[in-house]
Amino acid sequence: MPELPEVEIARRNLARWFKGHRVVRAEADATRVFRGAELAHFARLTGRVEALERKGKYLLLTLEGGRGLMAHLGMTGKFVRRAQGEVVPYSRARFHLDDGFVIHFCDPRLFGRMEPVPSGGLWELASVKALGRDPLTEGLTGPQLQEAVGDSKQDLKVALMDQGRVAGLGNIHAAEALFRAGVHPARKPASLTPPEWQRLAEGVHAAFDFAFKEQEGEDIVYLEEPGSVNRFLVYGRAEGPCSRCGTTVESFTQGGRTTHFCPKCQPLPKGPARPGKPPKRPSRVVDGAKPRSRRR
Ligand SMILES: [Zn+2]
């Protein structure tokens, strides 16, 4: 499922494909991807692409004249470039370029979303304005992460995935960042120490860097698709050995999603995390943890 790195890879590909070319025709099929938005507005997205921006998991395309498009890849959405005339499975919208190529938005499961914006205002969309800090474009230090997430009462991993706090982290990269930082996903944000926030911020950047290194290219394959290989350190590895220490990776359901973690590398603190504070051991997770195999 695409998160910040996968959306950023899409942005870089689109920027390269559109560079020096014009969209001569834009067309879209009437699918759920548009959520009722006017398809006629999509058909007007022609000419030169003047800006290709990203915030969190949102792509923001601006064409000449200020006409814009917000695109969210959802669970299975992706942009691919193919030669004119090529049949492309699950193509939902297309940009025909003057170089003979067609850029398709493909989405088998239709959880992606597109919203054409007639004249400017992409950054004023409520869904975009509601986003929190983007770790890539706005930076993310330990103190900045603590400021964004520290006052949440939710479990740490659930709070990290709150797009209004940090934009772009999802189930995979939140788990990877926590593993890299050696922090248990069920900790409460208030229990983290400054060094832990620092390690976690570094973990986010390291997880993203790893994703870029492993996945950057024109035809990304998501983990859920046939032929993909799981190269992540902890995500999707429940009941297998930890890539660092060999301990069996465990999983439990958290905020409706499956969380993967290593109980040895990411222990729950036994005592108070900070002197004078009560223990933050979240008993409901210990008691209610139901190991599940590879459900995402
Ligand atoms: Zn381990």
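**The nonpolar core**

I started with the largest nonpolar core, which has 53 residues; Phe-18, Phe-79, Phe-95, Met-114 and Leu-200 touch the most other members. I kept in mind that this is a predicted model. Helix α1 (residues 4-18) gives the largest share of this core, seven residues. I also checked the domains: at least three core residues come from each of domain 1 (4-129) and domain 2 (142-288).

Next I picked out Leu-200. Leaving aside residues up to four places away in sequence, I found that Leu-200 touches Leu-145, Leu-156, Leu-160, Ala-177, Leu-178, Ala-181 and Leu-192.

**A helix pair**

How do the axes of α4 and α7 cross? I got roughly 100° for helix α4 (residues 142-149) and helix α7 (residues 194-215), with the axes coming within 7 Å. Angles of 65 to 115 degrees count as roughly perpendicular, so α4 is roughly perpendicular to α7. On the α4 side, the contact uses Gly-142, Pro-143, Leu-145, Gln-146 and Val-149. On the α7 side I noted Trp-197, Gln-198, Leu-200 and Ala-201. I sorted the residues of this contact into six nonpolar, three polar and no charged.

Most residues other than glycine have a negative phi. Leu-110 has a positive one, near 65°, and I found Leu-110 in the loop between β7 (101-106) and β8 (113-117). Glu-239, also not a glycine, has a positive phi of about 75°. Glu-239 is in the loop between α7 and β9 (250-254). Is Glu-239 buried or exposed? I looked up its relative accessible area, which is 52%, so Glu-239 is exposed.

Conventions:
Residues numbered from 1 in each chain as written. Predicted model: local features only at pLDDT ≥ 70, side-chain atom pairs only at ≥ 80, totals over all residues. Heavy atoms only, no water. Axes fitted to C-alpha atoms, helices over the stretch in contact; angles between N-to-C directions. Helix = DSSP H or I, 4+ residues; strand = E, 2+ residues; numbered from the N terminus. Parallel < 35°, antiparallel > 145°, perpendicular 65-115°, else oblique. Contact = heavy atoms within 4.5 Å. Nonpolar A, V, L, I, M, F, W, Y, C, P; charged D, E, K, R; others polar. Buried < 20%, exposed > 50% of the residue type's maximum accessible area, 1.4 Å probe, protein only. Core = buried A, V, L, I, M, F, W, Y, C linked by side-chain atoms within 4.5 Å. Domains from an automatic or database assignment.
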